[in-house]
Amino acid sequence: MTTRTACPYCGVGCGVAGVAEGRALTVAGDPAHPANLGRLCSKGSALGSTVGLEGRLLHPAIAGRRASWTEATRLVARRFSEAVARYGPDSVAFYVSGQLLTEDYYAANKLMKGFIGSGNIDTNSRLCMASAVVAHKLAFGADLVPGCYEDLDLADLVIFSGHNAAWTHPVLFRRMETARARGQRHVVIDPRRTDTAEGCDLHLPIAPQTDVRLWNGLLADIIRRGAVDRGYIAAHVSGFADVEAELAGSDQSVHAVAADCGVPAADLETFYRLFAETPRTVSLFSMGANQSTQGVAKGSAIINVHLATGRIGKPGACPFSITGQPNAMGGRETGGMATTLAGHMDFDDVARARVQRFWGAPTLAAAPGLKAVDLFEAVREGRIKALWVMATNPAVSLPDAGRVREALERCPFVVVSDCMAETDTTAFAHVKLPALAWGEKSGTVTNSERRISRQRPLFPAPGEARADWRIVADVATAMGFEGFDWTSPAQVFREWARLTAYENDGRMLNLGPLAGITPDAYEALEPVQWPVTAEGGTPRLFTDGRFQTPDGRARMVPVAARGPAEALDAAYPLALNTGRVRDHWHTLTRTGLAPELCRHAPEPYVELHPADAEPLGIADGRLTRVQTRRGEAVAIARVTDRQRPGAIFLPLHWTEAYAPNGRANPLVAARVDSRSGQPEFKHTPARVRPYRET
Ligand code: SF4
């Protein structure tokens, strides 16, 4: 029997058609899923190699010994309750994941913000797109993604800003390759000549962290050319004059901008002209833009250009933030981020009272909680007494990961719910709770275009593993809270959909028509984009020029170009950029199981330009030390002119088990964008040395 489900990897959210026999699985792309229309990338195609039970956590464990669910649940409930009673609600925290389903996220957020009464639930999505969230809120009044994948088919020009789509969102990239055949043009803004940049129409290999300068320069150029849509601005946009004044404060000539960005003026001129002449333009932005202390400013600068030209809410025209994880969007929607209450509502009095009423909650978080980096620092400083990590591996994935390990070691009580028994993070757990994995879970995810899809089970639950929403609900009930007596994911989803419609005063995140969905209809739910109306989904937002701000107008936000938080110097003269490789996912817990995926990049490597390698005697293929002020990694040198001189790239995936000396994130400074809390993974001062030299 074929089961239609959704891929667990990236934010494209491809539909997967799977046939299971015992634990064996064959997969194909779901031809009926609108995100991928039958395609799968290498990771999706290899799902069958990753669903074995080897290494799985199948039973609860306390201090390393097997325990019953009852014992483990009671212990977690007691330790969290004791910490709250003794030190207050902000002494506990959840750190959750874009791997969770929307139902899981909803349950965890309800427990933390509604019943424990703290905002301290944050998600690893903080690491991938928190800056875009803030930029959306500033411009549109809420975290609203304007466009849809169809816009990528319709656009005549697609700009990839810090987005190596060919590797990170391959199926979407293939979709655009089809559009290229009919004349769509691609401009790539990226310090690296990535696979996305290879063969594009124009690659702008900007100096690291000069994106704001480039986008501000584009807006200034558009104004000079008279290509601004004055009518659209007059009717729908505020703040244009403020942005114009900000631009006037520095030299915005093409030559000056090109010099600052380190690209040829003629190429920049070509890009600016192309943009001005192409109404159907989509500007994609992803980690390369977001993972920066200027992440919000970059998002705002991109959105400003689209608002000034009225290129939003129209077919083939929008700024488009693409998410990394399969359900990063679900976390943004339900309140999995410390900065949002739930359902895109903030912590204002009206929203707080509304959500408290809806939940019948005894208390409600009064203010946003700690964002990921601050949260682990609070753990390290002893302010957090009990921490629950769900479906993620912060000991590998957070910046300055050595400090995170220190935090986990010091924390009096660490719970980890995960499908894997041994990760770098479970090593610190006092209690391990076995969670269902992909292929066993049932629920929903939302992809980058706001499309909700079902993840359906292909296998029965192994051992004693349970759904995350149920684990949370059982702990909540054991803590003495009511309102967690769901018996199925459909019930959780119905409650979530009801919340989006509850006293809705114009919030676009609205699933109202699904609030009464029957169990059978939930099982059969077809992919649908929110807002959901009686007629169905909504592919494109802002088609009427109305936004979710109090006056309905979008806001342009003045942004100034700044350098990175930590400047290069003589001791550390290279800009270290960490990121993903084509065939691996996060910390290898799943893709590391598939031999066909390990072949592409079997070991840690560092890419560097010949001009940086040769003076140090570093040859291609040789072991190389990558050093920052926080530590060292050892990796194979890939000497290549795909890298800019002065910049190096180190993949993030390797863990203690796979390559303890090749871990990238212990090297990265935990510096964050002050508004989004997103870390600057794309710029840490570094140096390289041949391995023989210490
Ligand atoms: Fe999965 Fe993303 Fe590949 Fe689609 S593009 S198959 S969602 S990893």
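Reply:
**Starting from W585**

W585 counts as buried, with 23 C-beta neighbours inside 10 Å. Here a residue is buried if 20 or more other C-beta atoms lie within 10 Å of its own, exposed if 12 or fewer, and partly exposed in between, with C-beta atoms placed from the backbone. Keep in mind that this is a predicted model: local features need pLDDT of at least 70, side-chain atom pairs count only at pLDDT 80 or more, and totals for chains, interfaces and linings use all residues. Residue numbers start from 1 along each chain, following the sequence as written.

So where is W585? Look in the loop between β21 (574-579) and α23 (595-598). Helices (H or I, at least four residues) and strands (E, at least two) are DSSP runs, numbered from the N terminus. Setting aside neighbours within four places in sequence, W585 touches Y9, K43, R590 and T591. Being in contact means that the C-beta atoms of two residues, placed from the backbone, lie within 7 Å.

H586 has a positive phi of about 45° although it is not a glycine.

Which residues come closest to it? They are C7, Y9, C14, C41 and G44, out of 14 residues that surround the ligand. A residue gets onto that list if its C-beta atom, placed from the backbone, lies within 6 Å of the molecule. The shell divides into 9 nonpolar, 4 polar and 1 charged. As for the elements, α1 (42-45) and α7 (170-181) each give at least two residues to the shell. Domain 1 (2-50) and domain 3 (128-324) each provide at least three.

UniProt has something to say about this stretch: an unreviewed entry places the feature "domain: 4Fe-4S Mo/W bis-MGD-type" at residues 1-55. UniProt positions are given in the numbering used here, feature names are shortened, and annotations may be inferred rather than shown by experiment. In the model, that span is 7% helix and 33% strand, and its end C-alpha atoms lie 27 Å apart.

Time to zoom out. The chain is divided into domain 1 (2-50), domain 2 (68-125 + 329-441 + 462-479), domain 3 (128-324) and domain 4 (574-690), with bounds from an automatic or database domain assignment. Domain 2 and domain 4 have C-alpha centres 30 Å apart, and 16 residues of domain 2 are in contact with 17 residues of domain 4. On the side of domain 2 that touches domain 4, the elements giving two or more residues are α17 (372-380), α18 (394-397) and α19 (401-410). That side divides into 7 nonpolar, 4 polar and 5 charged residues.

In total, the chain has 24 helices and 26 strands. Its radius of gyration is 24 Å, close to the 26 Å that the globule rule gives for 694 residues, so the chain is as compact as a globular protein of that length. That radius is taken over C-alpha atoms, and the rule is 2.2 Å times the number of residues to the power 0.38. The C-alpha trace spans about 70 × 65 × 50 Å along its principal axes. Of the 694 residues, 61% are buried. Among contacts between residues at least 6 apart in sequence, 74% join residues at least 24 apart.

One last stop, for a bit of backbone geometry: a cis peptide bond joins W530 and P531, with omega about 0°. P531 is in the loop between β19 (528-529) and β20 (554-555).

Key: Ala, Val, Leu, Ile, Met, Phe, Trp, Tyr, Cys and Pro count as nonpolar, Asp, Glu, Lys and Arg as charged, and the others, Gly among them, as polar.
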